[in-house]
Structures are given as C-alpha cells and as structure tokens.
Amino acid sequence: MEKSGLIIFSKGNGGLPLLKVHTPMSDAEIYLHGAHVTHFQRKGEEPLLFLSGSSRFEEGQPIRGGIPIIFPWFGPREGKLMHGFARNHPWELKEIDTNPDQSITLAFEFPLPAEATGFPKFSAKYFVTVGESLTLQLQIVNESLENLTLEDCLHTYFTVGEISAVTVSGLKGADYLDKVEGLARKKETAEQISFSGETDRAYLGTTATTEIHDAKLRRRIIIEKEGSRSTVVWNPWIAKAKLMPDFGDEEYLRMVCVEAGNVLENRRVLAPGNVSSLKMRLSTAGI
Ligand code: TA6
C-alpha cells in the first residue's frame, strides 16, 4: 500500500489551474477556480461526485457539478449572479498538511473580487480533507464593523446509478420550501424521499445527517454536517435539464444534489469579528 500522499499541480479544463490529490485511500481533483472540488473517488469505488460533460470552465462562470461553494447568497439576486460570487473566481492555495491517518488537508483563501464591493468586509477560508472520506469546511470571518448577513451552501452534486433507484433519508418531519410549487411551505412525511420529476426543496431548521441510498450502485452516501440548519435536495429532471446549456439532456438520470448550508430563513447574521463555520463530511458504505 502507498505510504504517502501526492499532489500534482496541472492545467485542467479550460486551462484552469487544477490540483490532483492522491492519498493511499482515495483521489480527488480541485480547481483553484471557486476552490471547486470536481472529483473524489475512494479506491475500488465509483466516483462520489457528478461532473457534467457539458460544464463550462471559465472565469466568471460556475463549474457544473462537484461541490460549488455558494456564498454570500443562495438563489437569485436582482441584477447579480445566481448563488453568489464565491464559485466564479479563483481562490488561493495557502497550506497543505498530511494528517496522521494519511489524509491530506488543503487550505484555501478567497481574494475578494470586485463583486464584494459594497459588502461588509469579510475573509473566507475553505479546508478540504481528502482521505477515507471527504470533509469540507467553509469559514467566514466578519472583518467589518457592521453585521454581515450571509447565506452559505456546499451545493454538492453526487453520482448515482439511476435516479429512479435512488432515495434520500433523514429529512422526515422537517419543513421545506418547494421551489417547484412557488416556494410553498410543506412538511416532509417520507422516511425515504424518491424522485419521479423535478425536485427542488430547501429543508429548513434541520441539522440531521442525510443518506443517499443508491440501489443500482449498491451504495449509501452519508452526508454529515455541522454548522448547517438547511439541506437542499435537487434534481432538475427532463425539462429543466434541457434548458441548462452546461448540462446534458440525459445527465439528470445520473445525479442528485444534496446540499448542506444555511439558506433563506436560515441565513446567518454574523456580528463584527465573529466567525461562521459550515462543515460537511461525505462518506460511503455498502448496502
Ligand atoms: O440548489 C438548487 C438550485 O437552487 C436550483 O433551483 C437550481 O437553480 C440549482 O440550484 C442550480 O443553480 P445554478 O445557478 O448552479 O444553475
């Protein structure tokens, strides 16, 4: 068995700087653009993350798939980019550490782009730990003298065998806003959420661990989270998939988004000098 990890710096799609991370347990790929994790795969397993074959790889545009960092707002904002600007600009790699368990932690920081003008001054750090599991932590510090109101979300796209053989558990009893029905407020009654059409739900006030049960790939994906009160579940299905230029018409069959964050009524208000931390740990198990 390999004894140590390895990081290779290269140019990825669109000539964007790409880090390839190899550990004895798993491999990962991270673009500096958006500090975007686009690939994670445990040895002997299917890839964990979905990446669209039609994704853009260009400054100012989000990569379609992997784990987009959604910050400082979630959803549309008048005259601005959807889902904030953190995913559309380059982050800087600041530190690489090998941990006792042979996992590797990479620390990124976000140089504020022009879009941050008018926003209370903040600093953003992002820690990615590649090992048996994949752990992500987004840390925001309010560096200003006023309150910073923010939404954050790790908008994770997971690879699945076939969406009709997939269920998501852990959300029974949680309220959600159903985007497919004009943000109607509902309560989840199902132990296992299944997919038979466009599904776009923001579950609110939930800190629960969720699980994706994939009957075709015969695996469970466990999504643990800390510092998160919202979970978003999304599959675009047929019509929405056709409308997305950076997403293949049939790709909805092989993906589901389960996202950990603090969105809508769960947005955070960070007092001057305070720190927010959003953490998500992704692991897999057999069925
Ligand atoms: O998280 C679900 C969602 O808000 C959907 O409504 C859809 O817009 C999706 O995000 C993708 O957004 P994007 O801006 O990446 O196309």
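Two strands count as paired if DSSP finds at least two bridges between them. In this predicted model, threonine 98 stands opposite isoleucine 104 in strand 7. Six bridges join strand 6 to strand 7, residues 104-109, and the two run antiparallel.

## Overall build

The protein has one helix and 23 strands. With 287 residues, a compact globule would have a radius of gyration near 19 Å; the protein has 18 Å, which agrees. The C-alpha trace spans about 50 × 45 × 35 Å along its principal axes.

Of the 287 residues, 53% count as buried. The protein exposes about 12,200 Å². Carbon and sulfur atoms supply 50% of that area. Take the contacts between residues at least 6 apart in sequence: 63% of them join residues at least 24 apart.

Nine strands form an open sheet, in the order 6-7-8-9-23-19-18-13-16. The pairing is antiparallel. Which strands stand at the edges? They are strand 6 (92-98) and strand 16 (192-194). Each has a single partner strand, so one side of each is left without a neighbour in the sheet. From one strand to the next, the twist averages 20 degrees.

Strand 18 covers residues 210-214, and threonine 210 belongs to it. Threonine 210 has a relative accessible area of 1%. Buried means under 20%, so threonine 210 is buried. Neighbours within four places in sequence set aside, threonine 210 is in contact with Ser169, Gly170, Leu171, Ile221, Ile222, Ile223, Thr231 and Val258.

Strand 3 and strand 4 pair in the antiparallel sense over six bridges. Alanine 28 has phenylalanine 40 in strand 4 as its bridge partner. Strand 4 is mostly covered, with five of its seven residues buried.

The hairpin has four residues between the strands. Glycine 34 takes a positive phi there. Alanine 35 lies in the loop between strand 3 (26-31) and strand 4 (36-42). Its phi is also positive, in a residue other than glycine. Is alanine 35 buried or exposed? At 0% relative accessibility, alanine 35 counts as buried.

Leucine 183 is another residue other than glycine with a positive phi. Its loop runs between strand 14 (175-178) and strand 15 (184-187). Leucine 183 has a relative accessible area of 44%, and is partly exposed.

| Residue | Phi |
|---|---|
| Glycine 34 | near 75 degrees |
| Alanine 35 | near 45 degrees |
| Leucine 183 | near 60 degrees |

## A cis bond and the aromatic rings

The loop between strand 5 (69-70) and strand 6 holds proline 72. The peptide bond from phenylalanine 71 to proline 72 is cis, with omega near 5 degrees.

Next come the rings. A pair of aromatic rings is described by the distance of the centres and the angle of the planes. The structure holds 13 aromatic pairs. One of them is tryptophan 73 with phenylalanine 119. The centres are 6.2 Å apart, with 20 degrees between the planes, and the pair is stacked. The pair links distant parts of the chain, 46 residues apart. Tryptophan 73 sits in the loop between strand 5 and strand 6. Phenylalanine 119 sits in the loop between strand 7 and strand 8 (122-130). Tryptophan 73 is buried, with a relative accessible area of 3%.

How are the rings of tryptophan 91 and tyrosine 126 placed? Their centres are 6.0 Å apart and their planes stand at 55 degrees, so the pair is tilted. This pair also links distant parts of the chain. Tryptophan 91 is in the loop between strand 5 and strand 6, and tyrosine 126 is in strand 8, 35 residues apart. Both tryptophan 91 and tyrosine 126 are buried.

These residues belong to one cluster. Ring pairs link Trp73, Phe85, Trp91, Phe110, Phe119 and Tyr126.

How values were computed. Residues numbered from 1 in each chain as written. Predicted model: local features only at pLDDT ≥ 70, side-chain atom pairs only at ≥ 80, totals over all residues. Heavy atoms only, no water. Axes fitted to C-alpha atoms, helices over the stretch in contact; angles between N-to-C directions. Rg over C-alpha atoms; globule rule 2.2 N^0.38 Å. Buried < 20%, exposed > 50% of the residue type's maximum accessible area, 1.4 Å probe, protein only. Contact = heavy atoms within 4.5 Å. Areas by Shrake-Rupley, 256 points an atom, 1.4 Å probe, with all protein chains shown as cover. Phe/Tyr/Trp six-rings, centres within 6.5 Å; stacked < 30°, edge-to-face > 60°.
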